[in-house]
Amino acid sequence: MKIAIIGMGIAGTSALREWTKEQKINPSIQLTVFGDKETFGTGKAFQQDDACLLMNQAAKFTSIIPENDMDFVEWIRENYGDAFPETKYYPRAKFGAYITDRMNGWLAESNADIVKEKVESIQILANKQFRVSTQSFTGDFDAVHLSTGTLPYKNPYQINSHTHTIADPYPMEKKLTNLPGGATVGVIGTGLTSIDVFRYFSRYRPDIKLSFFSLSGTFKTLIGNASPVKNQYFTLENIEQAKAANNGTIPLETYIKWFKQELNYHGVSSEEKLTADSLGSKRSIERQLAGTSKIGIVQAVLSNITFYQTYLWMALTEADKHTFKDKYDKALDKLQGAFPPETGKDFVNAWGSKFQVYDNLVTIEKNDESFNFKLDNNETIKIDYVINATGNNRIVSHDMKHPPLISQLVNERILQPETFGGVQVTMPELSAVSQKYGVLHTLKAHGQLIAGTQYGNSSVRIISKSMKASVKDIVSRLEEE
């Protein structure tokens with residue numbers, strides 16, 4: 001049984017973990033792992049970078065081992081001697097070192113072959129095997145895990161190719177260091193990447209004249225400090241009953257009703273603004289810091305839903321999915337993709353003094369060595385350099401320039417684009433759905449590549465946990481043949 005794992009970030013390392021366990025039962029399993037030399041064992045998200053760039057989850061929520069929620073905590077204690085690491089927010093690079101350490105252990109245990117090259121193509125053979133090719137390697141495999149990591153950044157203003165655009169700011173310690181002194185820098189987007197840009201410039205480049213631009217002028221929320229709550233309405237029992245009463249679907253209005261009932265039960269009034277335009281405003285962040293906001297309770301309610309968020313998503317009709325994306329997705333993303341309060345204090349203090357925030361960006365005009373940012377009030381702001389912090393483009397198509405492997409698979413109809421992002425897979429096995437071949441049970445896709453189906457899978461724990469069913473499915477199918 002020959003298995004290929006393509007991409008060695010969180011998902012790829014999780015696949016390696018599960019196959020290493022299976023190998024103890026079936027020693028004939030042969031593993032080959034493929035990955036980019038620069039991010040092998042970390043993925044782009046947790047690559048080597050400056051220590052000021054922090055995780056947006058406390059240590060106790062970021063284990064790579066589903067059976068041991070405290071594995072990262074224990075690793076920190078063992079390697080750094082921190083007495084109480086559970087609630088701390090560690091540098092992403094340190095978490096990357098933890099993942100690499102665990103990966104190296106499983107590589108040695110499984111005696112996996114290692115190919116530190118990007119996979120250029122995958123072909124399906126007549127015997128149902130997969131031919132995997134890199135620049136210098138070609139091999140045939142019984143099953144493949146596509147764990148290719150993050151998709152390319154969006155390019156809404158068509159400026160990524162400009163010489164003064166930093167189209168992807170990571171790693172920041174390489175890409176942001178050499179900007180000219182006193183340069184004006186415009187950051188497009190106000191997600192977690194923009195918070196990282198703020199952290200980095202605050203520490204190392206206070207001379208930079210920094211401005212943030214977006215449509216709303218608001219950022220993510222802060223991570224709340226509310227105690228855990230027990231959901232009364234948004235429960236698995238209610239979900240199962242609602243599905244049974246609606247032929248396997250659940251109307252979006254039912255979800256909204258449960259959510260409102262849940263918030264009322266936990267003392268969150270309708271006065272708490274939970275719209276995408278109000279969350280992450282300066283006033284909203286200040287209220288969170290002052291303890292006068294109940295957003296932390298809302299986050300605690302949502303935390304209980306995290307592990308069956310995909311299950312809920314799959315129970316919606318296509319029409320309700322579109323409605324949800326249009327009306328609620330941005331607000332939910334701001335609540336769940338929050339950042340630590342310690343950063344929030346520095347951020348609010350610098351807002352308006354050390355950096356400016358502009359909403360309603362209309363267009364960006366390109367000059368040879370600068371840009372004109374035009375707002376809807378006809379104001380124009382001259383910017384020397386642009387940092388693209390708009391996030392990843394999750395819409396997959398045949399003409400994607402990066403990664404070319406995904407373009408090849410979509411172009412040859414081995415993978416099928418999903419309307420809501422990424423490619424189509426079955427749940428919970430994560431088998432690729434092909435327009436040409438049907439369900440490919442031994443080709444699995446993971447991570448951001450399937451975010452349109454496995455909705456809400458951005459956390460380490462969810463990606464890691466979902467790997468078990470995926471590997472077990474391959475084992476059972478190959479053993480039957």
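**Notebook: cavity, pocket, sheet and salt bridges**

I sorted the lining of the largest cavity by class and got four nonpolar, one polar and four charged residues. For the classes I counted Ala, Val, Leu, Ile, Met, Phe, Trp, Tyr, Cys and Pro as nonpolar, Asp, Glu, Lys and Arg as charged, and the others, Gly among them, as polar.

I note that this is a predicted model, in which local features need pLDDT of at least 70 and side-chain atom pairs pLDDT 80 or more, while totals for chains, interfaces and linings use all residues. Residues are numbered from 1 along each chain as its sequence is written, and side-chain values use heavy atoms, with hydrogens and water left out.

**Cavity**

I found one cavity of 30 Å³ or more in the structure. The largest cavity holds about 50 Å³ of space. Its lining consists of Lys-44, Ala-45, Gln-47, Asp-49, Asp-50, Leu-53, Arg-92, Ala-93 and Tyr-170. On a 1 Å grid over the protein atoms alone, a cavity is a set of points where a 1.4 Å probe fits but cannot get out; a pocket is an open set with protein on both sides within 12 Å along at least five of seven lines; lining residues have an atom within 4 Å of a point. Grid points are joined across faces, edges and corners, and a volume is the space filled by probe spheres set on the points.

**Second largest pocket**

I read a volume of about 830 Å³ for the second largest pocket. It is lined by 32 residues, and those closest to its centre are Ile-256, Phe-259, Leu-263, Leu-274 and Tyr-328. I then looked up which helices contribute: α7 (252-265), α9 (295-305), α10 (309-314), α11 (318-327) and α12 (329-336) each give at least two lining residues. Helix α7 supplies the largest share, seven residues. Helices (H or I, at least four residues) and strands (E, at least two) are DSSP runs, numbered from the N terminus. By class, this lining has 21 nonpolar, six polar and five charged residues.

**Sheet**

I traced an open sheet of three strands, ordered β4-β5-β6 with antiparallel pairing. Its edge strands, each pairing on one side only, are β4 (121-124) and β6 (138-141). Two strands pair if DSSP finds at least two bridges between them. Strand β5 (residues 130-133) is joined to β6 by four bridges, and Phe-130 stands opposite Phe-141 in β6.

**Salt bridges**

I counted 22 salt bridges (a side-chain nitrogen of Lys or Arg within 4 Å of a carboxyl oxygen of Asp or Glu). Arg-17, Glu-18, Lys-21, Glu-67 and Lys-468 are linked in a network of them. Within it, Arg-17 and Glu-18 meet at 3.0 Å, N to O, and both are buried. Buried means under 20% relative accessible area, exposed over 50%, partly exposed in between (1.4 Å probe, protein chains only).

The side chains of Glu-67 and Lys-21 meet at 3.2 Å, N to O. Glu-67 is in the loop between β2 (30-34) and α2 (71-80) and Lys-21 in helix α1 (residues 10-25), so this pair ties together parts 46 residues apart in sequence. Lys-21 is partly exposed, at 32% relative accessibility.

I also checked Asp-168, which forms a salt bridge with Lys-44, the closest N and O atoms being 2.5 Å apart. Asp-168 lies in the loop between β8 (165-166) and α4 (172-175) and Lys-44 in the loop between β2 and α2, 124 residues apart. Asp-168 is buried at 15% relative accessible area, whereas Lys-44 is partly exposed at 37% relative accessibility. Lys-44 is also one of the residues lining the largest cavity.
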